[in-house]
Amino acid sequence: MSKDQENIRYLIQIPKPPEIKPPMHRSVFNKSIKRDYRSNRSCHQTMGYAEVNLNHPSKFLKKHTRIVKRPFVDTLKPEPPNKQCIRRCSRSPKVKGKINKVERNFLHENIADVIRKVPPLPKHRVQDSRNGHVMVLDEAGLEPTYVSKKNFGKTPSYIKKILKDKEMEKVAEVERVKAVKPPLRYLPEEERMELLKGMKANWGELYTEFLLLPMVTDSVPKINRKARLENQLNNLEKDINLLERYPSLYVCDN
């Protein structure tokens, strides 16, 4: 079809066919349920009877007019004859004569307690607004109550006890270490010179070995060996300096 030709085939729109939906599901018991609902709908609409005869306004409910007297029921169960006989036989003989009961006068006792009671101290109140707002200083924490105490600013007794226990533990630990640790002895001059001579000889050997190391340390073993020799030389130098500086030394045999 060319560009100038006109096609009227699609000018009139074709109506879409209506969509047919499946029928909605309905229960088989639908009618019976509706019938039961309508029949029982108005059976509980009222509370009590539908028609009640009202009393006259002058016959209102008064006090003690609806006292219900319930029948007396004995709660004790009848016991078998054997138990009744045992109880009767085991009872103590009755003592003739009246028992003197001590009669207490609670009224006089309460009066005496109130008289002996120490009257409470008045609270320290302060009015802090023009509308009459009253504030108790003791309850608000504005009254210096703790400063007036005897033990104010002093170390509590339980803290003193804890500190004392710690000091005793430290003393016991020091004594235990002294008992376990061997005593120190004085290093004589000959032994000191011999130690100094041996350390200097060791230092010379290590220094010679250190000088024989290669100039280039391009591997991990070479670096570790150089660091180990330097550490040993530094330790020997410290020990030699200590022996030369202090002629009187105390050493432990361990």
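Q: How many residues does helix 5 have, and what does it reach from its first C-alpha to its last?
A: This is a predicted model. In it, helix 5 covers residues 157–180, which is 24 residues, and reaches 35 Å from its first C-alpha to its last. That is close to the 34 Å expected at 1.5 Å a residue.

Q: What is the count of buried residues in helix 5?
A: The count is zero among its 24 residues, and helix 5 is thus described as hardly covered.

Q: Which residues make up the largest nonpolar core, then?
A: There are eleven in all, including Leu187, Leu196, Met199, Leu229, Ile240, Leu243 and Leu249. Two elements give two or more residues each to this core: helix 6 (189–211) and helix 7 (220–245). Helix 7 supplies the largest share, five residues.

Q: And which residues is leucine 243 in contact with?
A: Apart from neighbours within four places in sequence, leucine 243 is in contact with Leu187, Arg192, Leu195, Leu196, Met199 and Leu249.

Q: Changing topic: which residues form a nonpolar patch on the surface?
A: Ile8, Leu11 and Ile12 form one, and together they have about 370 Å² of accessible area. Leucine 11 is found in the segment before helix 1.

Q: Why does leucine 11 count as exposed?
A: Leucine 11 counts as exposed because its relative accessibility is 57%, and the cut-off for exposed is over 50%.

Q: Lastly, where does histidine 64 lie?
A: Histidine 64 lies in the loop between helix 1 (30–39) and helix 2 (81–90). Histidine 64 has a positive phi of about 60°, although it is not a glycine. Most residues other than glycine have a negative phi.

Definitions and conventions:
Residues numbered from 1 in each chain as written. Predicted model: local features only at pLDDT ≥ 70, side-chain atom pairs only at ≥ 80, totals over all residues. Heavy atoms only, no water. Helix = DSSP H or I, 4+ residues; strand = E, 2+ residues; numbered from the N terminus. Core = buried A, V, L, I, M, F, W, Y, C linked by side-chain atoms within 4.5 Å. Buried < 20%, exposed > 50% of the residue type's maximum accessible area, 1.4 Å probe, protein only. Contact = heavy atoms within 4.5 Å. Expected span 1.5 Å × (residues − 1). Patch = residues over 30% accessible without salt bridge, like charges linked within 9 Å, V, L, I, M, F, W, Y side chains within 5 Å. Areas by Shrake-Rupley, 256 points an atom, 1.4 Å probe, with all protein chains shown as cover. Salt bridge = Lys/Arg side-chain N within 4 Å of Asp/Glu carboxyl O.
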